[in-house]
Amino acid sequence: MSTETLARWQFGITTVYHFLFVPITLAMSFLVAIFQTMWVRTGNNAYLRLTKFYGKLFLINFAMGVVTGIVQEFQFGMNWSDYSRFVGDIFGAPLALEALLAFFLESTFLGLWIFGWDRLPKKIHLATIWIAAIGTNISAIFILAANSWMQNPVGWRFNELTNRAELTDFGAVLLNPVLLVTLPHQLAAAWMVSGALVAAIGGWHLYRLGRGDGNHEQREEKTHRTAVRIGAVAMLIGSLGVLISGDLQGKVMTEVQPMKMAAAEALYETEQPADFSLLTIGTLDGQREVWSIKIPRLLSFLAHSNFTGEVQGINPLNRQYQAEFQPQLQQVYGPEIANRMTTYNPNIPLTYWTFRIMMGLGFLAMGIGVLTLWLTRGNRLPRSKIWFAMMVTFPLAPLFANSFGWIFTETGRQPWVVFGVMPTAAGVSPGVTPGMVLFSMITFTLVYGVLAVIEVGLFLKYIRMGLPEVEEPKVLEDEDSPMSFAY
């Protein structure tokens, strides 16, 4: 394999792995804050038990997300130095703000929350987890701002003397139409994952109670049922946000990345009106459709909010891009890169199926969420093994939907690393050999495998332990008393 191919595989493996922790961090922080708020307002220690139980799981996930996230920035310098040099002036601003503002905010106040149970007044301690949760979500703003610029570069100019992109309008970067729809879509998707996780863990404990497994008290049944229903409601609210923002995302994608929309639907020729593909089989070279099942006019509605809009196809877009971008590529990157751009469409089967798997898993999670609320009404205790299978599937469906959504987003942009500006082939580090990339990819994969075992082991261990016994935290009056670790 070439250096470019291996570098893309490595970045994909490490990024998808890291992103397994991100949605849980984004929304679980708020769910823990909500549980603690309910405890502060009601004085009911059941909410304190939920706070400490899910707070411990949140901290395990947060720590693993930080460790795996560090590798992402190292890779820019390791395998993508030409890309880093080209976009450094633009990426520097949002990534610096993410580190200086968001990361320090969340890490500082998360530390105060962990160690402040016996040192801070109850309401001030509550404020620390809310600020930490806000910090994690501010971090998402700046990361997505950088990624959205790769999808739709705005607020910049090309300096021919330095051969670099230079930032001219940071406000335009933060108001990028892609960012404005991607941010709510991702945050809502995170609520789907975290809500489903909270509900599934509580649902598993209800399943154990229903089968008489474990030494549980009646109060634990009520507490776990509360977690199940709050988690399921949070997941369904997130689902509504995903549906609304996803619809807006499709319209923005049609406007700024029509090739990605065409690839997502395996739409080879321009159609007006355009049909939505339920199943399309194309030729192996990805040039034409062989057989398909479609819903008439639905794609036009998704792209333009009407049933008669035109949606451009893969083949005419390829011809358009050849005429539009080929001279620019010859001038900036030379014939070696320009001649490799024989086609401007991404991997059609990969783009097509990741888009559908993402949607299918999302709708599956919604269905389980509704069914969970129905089956836990009243004082019912689930005993069927079908319930156990549902609780295992519940958090995994939206979690993997997130992953497939990002695979679709990033591979659908190919062959561009910055759409319409920089081909992926031009961003690879010139001094890196395939052997170097292969060695680091194998090393990272093995290390991440070990981390996966640790993460899953810790999660299962503390889930099985169940709700902790708690006492009302008391603020220590002695200033010299040591701070205590809450867990």
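This is a predicted model: local features need pLDDT of at least 70, side-chain atom pairs count only at pLDDT 80 or more; totals for chains, interfaces and linings use all residues.

Colleague: Which residue does the side chain of R356 meet in a salt bridge?
Modeller: The partner's side chain comes to 2.9 Å, N to O. The pair links distant parts of the chain, with R356 in helix α12 and its partner 91 residues apart from it, in the loop between α9 (258-264) and β3. At 3% relative accessibility the partner also counts as buried, and the residue in question is E265.

Colleague: How many salt bridges does a search of the whole structure find?
Modeller: The pair of R356 and E265 is a salt bridge, and D247 and K251 meet in another, at 2.8 Å from N to O. For the whole structure, the search finds a total of 7.

Colleague: What separates R225 and E221 along helix α8?
Modeller: These two residues form a salt bridge whose closest N and O atoms are 3.0 Å apart. R225 is buried, with a relative accessible area of 8%, and E221 counts as buried at 18%. Because they lie 4 residues apart in helix α8 (residues 218-256), the separation is about one helical turn.

Colleague: Within the pair of D247 and K251, which residue counts as partly exposed?
Modeller: D247 and K251 are likewise 4 residues apart in helix α8, and so are separated by about one helical turn. K251 has a relative accessible area of 18% and is buried.

Colleague: Are helices α12 and α13 roughly parallel or roughly antiparallel to each other?
Modeller: The axes of α12 (residues 348-375) and α13 (residues 385-411) come within 8 Å and cross at roughly 150 degrees, and α12 passes α13 in a left-handed crossing. Angles over 145 degrees count as roughly antiparallel. The two helices are therefore roughly antiparallel.

Colleague: Which strand gives the most to the nonpolar patch on the surface?
Modeller: The patch is formed by L278, I281, V290, W291, I293 and I295, with about 530 Å² of accessible area together. Both β3 (276-282) and β4 (289-295) supply at least two of its residues. I293, which counts as partly exposed at 37% relative accessibility, has its place in β4. With 4 residues, the strand that gives the most is β4.

Definitions and conventions:
Residues are numbered from 1 along each chain as its sequence is written. Side-chain values use heavy atoms; hydrogens and water are left out. Patches are made of residues with over 30% relative accessible area and no salt bridge: like charges are joined within 9 Å, nonpolar side chains (Val, Leu, Ile, Met, Phe, Trp, Tyr) within 5 Å. Accessible areas come from the Shrake-Rupley method with a 1.4 Å probe; for residues, only the protein chains shown count as cover. A salt bridge is a side-chain nitrogen of Lys or Arg within 4 Å of a carboxyl oxygen of Asp or Glu. Buried means under 20% relative accessible area, exposed over 50%, partly exposed in between (1.4 Å probe, protein chains only). Axes are lines fitted to C-alpha atoms, for helices over the stretch in contact, and angles run from 0 to 180 degrees between N-to-C directions. Angles under 35 degrees count as roughly parallel, over 145 as roughly antiparallel, 65 to 115 as roughly perpendicular and the rest as oblique. A crossing is left-handed if the near helix is turned anticlockwise from the far one by less than a right angle, and right-handed if clockwise.
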